[in-house]
Amino acid sequence: MVDQDHDGRRRQEAEAAAESSVPLLEKKPGDVPYYVEGCPGCAVDRRKATDPGIPYGSFIYIWVVILCTAIPISSLFPFLYFMIRDLHIAERTEDIGFYAGFVGAAFMFGRCLTSTIWGIAADRIGRKPVVIFGVFSVVIFNALFGLSVTYWMAIATRFLLGALNGLLGPMKAYAIEVCRPEHEALALSLVSTAWGIGLIIGPALGGYLALPAEKYPNIFSPDSLFGRFPYFLPCLCTSVFAAAVLIGCIWMPETLHKHKVNENRNQSVESLEAHLIDPKEKVEQSNSPDTKKSLFKNWPLMSSIIVYCVFSFHDMAYTEVFSLWAESDRTYGGLSLSSEDVGQTLAITGSSLLVYQLFLYPRINRVLGPIKSSQIAAGICIPILFAYPYMTYLSEPGLSIVLNIASVIKNNLGVTIITGTFILQNNAVPQDQRGAANGLAMTGMSFFKAVAPAGAGIVFSWAQKRQHAFFFPGDQMVFFLLNIIELLGLLLTFKFFLAVPDKSDSN
């Protein structure tokens with residue numbers, strides 16, 4: 001007891017001495033009720049300390065900025081087939097899918113190259129400047145994409161839109177930093193929910209507003225701006241929304257601290273008490289530090305990221321193939337649907353994703369866990385994908401009913417798998433490494449999602465040229481290859497590859 005009292009007094013003396021050399025306003029908000037004046041991060045912390053309620057105003061920023069990210073990604077798929085056709089880059093109808101794949105890949109390829117850079121920038125200069133620049137890029141380059149008159153202009157604008165749009169990573173960090181710990185789960189679920197809403201609005205905009213002179217001739221004449229640029233209207237609507245968000249972001253609170261929080265104080269305490277520590281204690285402390293495991297040597301993390309990338313590749317390839325297949329002519333094994341029909345199907349699917357994420361998946365995960373639920377979902381996806389090519393034999397209204405049901409089930413199963421890998425990734429690392437782990441996963445995912453549309457477009461174009469082949473003719477080969485990727489991902493979820501993290505690793 002005497003030794004413990006002595007150690008306590010010794011620590012208090014060291015802290016008191018350190019405090020005398022550190023300005024009062026630089027003390028950590030969790031220790032004393034003082035903050036650095038003029039620091040935006042401290043202002044947010046002060047607000048969190050005094051107001052225990054949910055920060056609805058900041059949550060609105062999260063919602064609308066994530067929408068600015070999600071809508072441009074999904075809005076082009078309903079009309080991409082027709083856009084490539086009208087750009088006259090494809091010599092034959094069978095080649096449309098080949099060229100469409102590279103347009104779909106350009107956005108993700110740009111994001112893959114710069115996502116880490118934007119994350120570093122957000123940590124250096126702040127979340128707000130990166131968000132404002134990203135939203136501004138949506139305003140400019142999404143509108144320019146709608147005005148594309150050549151294939152290479154479409155490629156360039158989509159690439160720049162992805163490369164300059166560093167919104168998703170900083171907004172995930174912002175969602176955590178803007179609220180108290182008890183509201184963090186709500187903030188992150190808001191990110192997923194806003195993303196789901198974007199998957200509804202984007203395809204609806206692209207499907208209903210593309211080719212307006214053909215769909216609404218009483219409103220838009222062929223000689224009008226939207227008649228000469230038939231894909232500009234959905235892009236313009238997205239850019240106008242982004243412009244409104246950009247103006248609102250002027251008042252968005254910054255959360256990054258503009259000073260080194262408590263660093264000087266900790267160093268002072270350690271230096272002042274170092275000479276008071278017994279040499280044996282010092283040896284013990286040096287031999288048992290709180291070391292962090294390297295992310296690349298953390299196999300539970302890396303195995304879950306690999307599984308995540310495989311399924312992300314499959315989902316992006318499926319998204320690309322679905323629109324191309326549904327809009328291609330029945331003579332090539334497609335469904336001959338319009339962009340409006342595809343947009344409606346994707347909007348219905350997006351609505352179901354929102355309901356599933358909010359109400360059904362949490363219960364499924366509690367009962368089955370992330371791994372078992374992912375395995376079951378992947379197993380069910382395989383027969384559903386095999387059934388897709390045979391829908392060409394159906395006629396309306398049966399075709400629309402079966403197609404919507406299949407699309408809803410397939411995409412909700414995909415969400416089950418991806419969300420399960422998210423849970424595994426976060427459980428594989430301690431809390432102070434989750435940001436870096438998620439950044440690593442996003443970089444890998446962006447790369448695979450960049451390759452997937454290009455690869456899917458090439459395979460789709462090749463498959464349409466082999467309509468009379470003996471082995472999986474036409475589009476049957478496309479869905480067969482999608483199933484091969486799905487089966488590979490399913491196999492990787494078993495114990496021989498996927499390592500389950502210990503609960504202690506995430507503490």
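In the predicted model, the largest nonpolar core holds 106 residues, among which Ile62, Trp325 and Tyr388 touch the most other members. Helix α15, which runs through residues 299-327, gives the most to this core, with 15 residues. When its neighbours within four places in sequence are left aside, Tyr388 is found in contact with Tyr318, Phe322, Trp325, Ala406, Ser407, Lys410 and Phe479. In soluble globular proteins, nonpolar side chains tend to be buried together.

Helix α19 covers residues 475-492, and its 18 residues should span 26 Å at 1.5 Å a residue, a value with which the 26 Å between its end C-alpha atoms agrees.

Six salt bridges are present in the structure, and side chains of opposite charge can pair in this way when their charged atoms come close. In one of them, the side chains of Lys410 and Asp315 meet with a distance of 3.8 Å from N to O. This pair links distant parts of the chain, since Lys410 belongs to helix α17 (residues 398-427) and Asp315 to helix α15, 95 residues apart; both residues are buried. Another salt bridge joins the side chains of Lys465 and Asp95 at 3.0 Å, N to O. Lys465 lies in the loop between α18 and α19, whereas Asp95 lies in the loop between α4 and α5, so the pair ties together parts that are 370 residues apart in sequence. Of these two partners, Lys465 is partly exposed, with a relative accessible area of 42%, while Asp95 counts as buried at 12%. Through shared partners, Arg92, Asp95 and Lys465 are joined into one network of salt bridges. The side chains of Asp86 and Arg85 also form a salt bridge, at 3.0 Å from N to O, and here Asp86 is partly exposed at 28% relative accessible area, as is Arg85 at 35%.

A search of the whole structure finds zero disulfides. For Cys237, the nearest cysteine sulfur is that of Cys235, 9.2 Å away, and Cys237 is partly exposed, with a relative accessible area of 31%. The sulfur of Cys309 is 9.7 Å from the closest cysteine sulfur, in Cys112, which is too far for a bond, and Cys309 is buried, with a relative accessible area of 5%.

Definitions and conventions:
Residues numbered from 1 in each chain as written. Predicted model: local features only at pLDDT ≥ 70, side-chain atom pairs only at ≥ 80, totals over all residues. Heavy atoms only, no water. Core = buried A, V, L, I, M, F, W, Y, C linked by side-chain atoms within 4.5 Å. Buried < 20%, exposed > 50% of the residue type's maximum accessible area, 1.4 Å probe, protein only. Helix = DSSP H or I, 4+ residues; strand = E, 2+ residues; numbered from the N terminus. Contact = heavy atoms within 4.5 Å. Disulfide = S-S within 2.5 Å. Expected span 1.5 Å × (residues − 1). Salt bridge = Lys/Arg side-chain N within 4 Å of Asp/Glu carboxyl O.
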